[in-house]
Amino acid sequence: VALIDMNGEEASRQAQLLQESGIEAKAFTCDVSREEQCLRTIQAVIDVYGGIDILVNNAGITQRSAFVGTQTAVYKKIMAVNFFGALYCTKAAIQSLIERQGVIVVTSSHAGYAPLLGRTGYSASKHALHGLFESLRTEIKTMGVHVMMVCPGFTRTNLQERALDGDGSITRHPQSKVGAEDTPEHVAQAVFQGVLKRKRMLILTPTGKMTYWLSRLAPGLYEKIMADKLKQELIRQP
């Protein structure tokens with residue numbers, strides 16, 4: 001297992017935990033928003049392990065702010081991590097994945113197939129991932145490479161603690177949740193099983209499945225329900 005993270009100390013700590021469990025693991029430090037770092041890091045992984053069988057594009061950042069009050073720099077930062085980070089790493093690994101007929105896993109979101117109030121930048125980046133990787137799937141399917149989109153709901157990680165406000169600072173907007181909060185362990189197990197079954201898109205939680213179908217069959221109703229549940233997020237706290 002190769003662990004790539006912007007925080008080298010955290011990646012090393014996780015690698016150590018895997019090693020203590022008898023799993024061969026190595027940590028790599030990389031800012032996925034920087035193409036040259038992605039190229040260098042993916043090549044280092046290939047040099048160590050001989051190739052890549054499964055690439056999991058999981059790095060992400062989010063925001064909670066109204067469009068009218070959000071600077072364009074915030075959108076650029078979100079796209080740099082969520083979209084271009086996945087593109088850079090995949091581009092760097094694609095020849096190895098083709099050689100080994102591997103799997104590309106892309107962490108999207110319910111916001112990747114339905115609108116989400118107060119997260120226009122985040123939603124845009126996730127929609128872009130679907131456009132890129134679902135199209136890529138059609139190009140490399142005959143080469144034996146599979147692409148799986150993963151769409152988890154609200155998950156208990158530190159992602160929301162670092163959500164950006166409209167000016168690029170860490171937001172003070174309160175977070176609202178739709179449906180029960182999932183655990184990283186449950187998501188990881190679902191992703192593992194999804195890779196084994198070569199699923200095209202993995203939508204997690206009952207709320208996620210309801211969101212998918214309601215946003216397609218009754219988009220106006222979905223927008224109203226979603227906006228009512230999340231509108232408090234855009235009211236600034238004193």
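Me: Where is Arg-172 found, and what makes Arg-172 count as exposed or buried?

Reply: Arg-172 is in the loop between strand 5 and helix 5. Helices (H or I, at least four residues) and strands (E, at least two) are DSSP runs, numbered from the N terminus. Relative accessible area decides the second point: buried is under 20%, exposed is over 50%, and partly exposed is in between (1.4 Å probe, protein chains only). Arg-172 has 58% relative accessibility, so it counts as exposed. Arg-172 is also 41 residues from Gly-131 in sequence, and 31 Å from Gly-131 in space, C-alpha to C-alpha.

Me: What should I know about the model and the numbering?

Reply: The model is predicted: local features need pLDDT of at least 70, side-chain atom pairs count only at pLDDT 80 or more, and totals for chains, interfaces and linings use all residues. Residues are numbered from 1 along each chain as its sequence is written, and side-chain values use heavy atoms, with hydrogens and water left out.

Me: How do you know what span to expect for helix 5?

Reply: Take 1.5 Å times one less than the number of residues. Helix 5 (residues 184-197) has 14 residues, and the expected span is 20 Å. From first C-alpha to last, helix 5 reaches 20 Å, close to that expectation.

Me: Which residues of helix 5 are buried, and why are they said to be on the same side?

Reply: They are Val-187, Ala-190, Val-191, Gly-194 and Val-195. They cover an arc of only 140° around the axis, which puts them on the same side of helix 5. That arc is taken from the directions from the helix axis to the C-beta atoms. On the other side, Glu-185, Leu-196 and Lys-197 are exposed.

Me: What covers the buried residues of helix 5?

Reply: The cover includes strand 3 (54-57), strand 4 (103-107), strand 5 (146-151) and strand 6 (201-203). Contact here means heavy atoms within 4.5 Å.

Me: Why is the pair of Tyr-212 and Trp-213 called edge-to-face?

Reply: Rings of Phe, Tyr and Trp (its six-membered ring) pair if their centres lie within 6.5 Å; planes under 30 degrees apart are stacked, over 60 edge-to-face, and the rest tilted. By this rule there are five aromatic pairs. In this one, the centres are 5.1 Å apart and the planes are at 90°, so the pair is edge-to-face. Tyr-212 is buried at 18% relative accessible area, whereas Trp-213 is exposed at 51%.

Me: What makes Arg-216 lie over the face of Tyr-212?

Reply: A charge sits over a ring if NZ of Lys or CZ of Arg is within 6 Å of the ring centre and within 35 degrees of the ring normal. Arg-216 lies over the face of Tyr-212, at 4.0 Å from the ring centre. The charged end of Lys-26 sits over the ring of Phe-28, 5.7 Å from its centre.
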